[in-house]
Amino acid sequence: MEAAAARYGFVQNTRTTTYYHQQYDLSVKRADTACSIVFVSEENPEVLRATFDGMNSGRGPIRFQDNGVRDGEHYFGARI
């Protein structure tokens with residue numbers, strides 16, 4: 001996983017094991033039973049919610065969350 005993540009520009013925080021991509025303002029956290037992603041988007045929050053709410057993974061439905069605006073950037077999250 002680490003090599004693949006690095007190949008695509010992600011850097012791992014060794015303390016939290018979260019992978020970050022600075023260029024795309026994106027983070028990914030993988031765990032034994034779940035995976036989560038946090039990202040910045042200028043898309044309408046309801047459009048994003050509708051997109052994620054219609055998705056499923058092999059582990060079940062994907063839960064979407066609007067994390068609000070911080071420092072002028074609108075953050076969202078999704079978790080399976």
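Which residues does Ser-27 touch, not counting residues up to four places away in sequence? In this predicted model, the residues concerned are Thr-18, Tyr-19, Tyr-20, Ser-36, Ile-37 and Val-38. Ser-27 itself belongs to strand S3 and is buried, its relative accessible area being 14%. The sections below place this residue within the overall fold, then turn to the sheet, the aromatic residues and the loops.

The protein comprises 2 helices and 8 strands. Along the sequence these elements follow the pattern α-β-β-β-β-α-β-β-β-β. Taken along the principal axes, the box filled by the C-alpha atoms is roughly 35 × 35 × 20 Å. The protein has 80 residues, of which 26% count as buried. Its accessible surface comes to about 5,800 Å², and carbon and sulfur atoms contribute 50% of that area. Among contacts with a separation of 6 or more, 31% are made by residues 24 or more positions apart.

An open sheet is formed by 6 strands, arranged in the order S1-S2-S3-S4-S8-S7 with antiparallel pairing. Its edge strands are S1 (11–12) and S7, each of which pairs on one side only. Helix H2, which spans residues 45–53, packs on the sheet and touches strand S4 (35–40), S7 and S8. The direction of helix H2 makes about 155 degrees with that of S7. Strands of a sheet in general pair through backbone hydrogen bonds, in either a parallel or an antiparallel sense.

Ser-36 lies in strand S4 and counts as buried, because its relative accessibility of 18% falls under the 20% limit. Leaving aside neighbours within four places in sequence, Ser-36 is in contact with Ser-27, Val-28, Lys-29, Ala-78 and Arg-79. Ser-27, one of these partners, is located in strand S3, and Arg-79 is a residue of S8.

Strands S7 and S8 pair in the antiparallel sense over 7 bridges. Within this pairing, Arg-63 has Arg-79 of S8 as its bridge partner, while Asp-66 stands opposite Phe-76 in S8. The two strands form a hairpin with 2 residues between them, in which Asp-71 takes a positive phi near 50 degrees. Arg-70 lies over the face of Tyr-75, at 4.1 Å from the ring centre.

Aromatic residues were examined next. A search of the whole structure finds 4 aromatic pairs. One of them joins Phe-64 and Phe-76, whose ring centres are 5.7 Å apart; the pair counts as stacked because the planes lie at 20 degrees, under the limit of 30 degrees. This pair links distant parts of the chain, with Phe-64 in strand S7 (residues 63–70) and Phe-76 in strand S8 (residues 73–79), 12 residues apart.

Gln-22 lies in the loop between strand S2 (19–21) and strand S3 (26–30), and its relative accessibility of 70% is over the 50% limit, so Gln-22 counts as exposed. Gln-22 and Gly-72 are 50 residues apart in sequence, and their C-alpha atoms are 16 Å apart in space. Gly-58 is found in the loop between strand S5 (56–57) and strand S6 (60–61). With a relative accessibility of 90%, Gly-58 also counts as exposed. The C-alpha atoms of Gly-58 and Ile-80 are 9.0 Å apart in space, although the two residues are 22 apart in sequence.

Conventions
Residues are numbered from 1 along each chain as its sequence is written. This is a predicted model: local features need pLDDT of at least 70, side-chain atom pairs count only at pLDDT 80 or more; totals for chains, interfaces and linings use all residues. Side-chain values use heavy atoms; hydrogens and water are left out. Rings of Phe, Tyr and Trp (its six-membered ring) pair if their centres lie within 6.5 Å; planes under 30 degrees apart count as stacked, over 60 as edge-to-face and the rest as tilted. Helices (H or I, at least four residues) and strands (E, at least two) are DSSP runs, numbered from the N terminus. A charge sits over a ring if NZ of Lys or CZ of Arg is within 6 Å of the ring centre and within 35 degrees of the ring normal. Two strands pair if DSSP finds at least two bridges between them. Contact means heavy atoms within 4.5 Å. Axes are lines fitted to C-alpha atoms, for helices over the stretch in contact, and angles run from 0 to 180 degrees between N-to-C directions. Buried means under 20% relative accessible area, exposed over 50%, partly exposed in between (1.4 Å probe, protein chains only). Accessible areas come from the Shrake-Rupley method with a 1.4 Å probe; for residues, only the protein chains shown count as cover.
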